[in-house]
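This briefing covers backbone angles and aromatic contacts. Please have the sequence and the structure open while reading.

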Amino acid sequence: MDLKISKTVESDIATLVLAGWLDTDTAAQLGEALSEVGTDVRQLLLDFQAVEYISSTGIRMLIRAHKQMHAQGGKLTLLHVGPAVLDILQMSSLDKRLDIQ
């Protein structure tokens, strides 16, 4: 499966809208998009509404994004997380570490 990412940045808020699978084959795309966000961003919103699946590699990318934002004095928020992805985040206890809305 593919992963499509669209990015918008307004002031110090970046929003990445993801669609598809976040797995071993597509995690590098998210890594590249995260690198492009920049250090001025204080809030990173990841919109998961159209994400169908996340693998352990995708989970590692979320942890990386969380650490990156924390180091910048910012915050990572996951939006519109569907039940299948939420189940995986709960199994890995990331629902306790990440802001999921």
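Ser11 sits in the loop that joins strand S1 (3–10) to strand S2 (13–22); helices (H or I, at least four residues) and strands (E, at least two) are DSSP runs, numbered from the N terminus. This is a predicted model, in which local features need pLDDT of at least 70, side-chain atom pairs count only at pLDDT 80 or more, and totals for chains, interfaces and linings use all residues. Residues are numbered from 1 along each chain as its sequence is written, and side-chain values use heavy atoms, with hydrogens and water left out.

**Positive phi angles**

- Most residues other than glycine have a negative phi.
- Ser11 is not a glycine, yet its phi is positive, at about 60°.
- Ser11 is exposed, with a relative accessible area of 71% (buried means under 20%, exposed over 50%, partly exposed in between; 1.4 Å probe, protein chains only).
- His80, also not a glycine, has a positive phi of about 55°.
- The loop between strand S4 (75–79) and helix H3 (83–91) holds His80, which is partly exposed at 44% relative accessibility.

**Aromatic pair**

- Rings of Phe, Tyr and Trp (its six-membered ring) pair if their centres lie within 6.5 Å; planes under 30 degrees apart count as stacked, over 60 as edge-to-face and the rest as tilted.
- The count by this rule is 1 aromatic pair.
- Trp21 and Tyr53 form a tilted pair, with 4.7 Å centre to centre and 40° between the planes.
- Trp21 belongs to strand S2 and Tyr53 to strand S3 (residues 43–54), so the pair ties together parts 32 residues apart in sequence.
- Trp21 is partly exposed at 29% relative accessible area, and Tyr53 is partly exposed at 30%.
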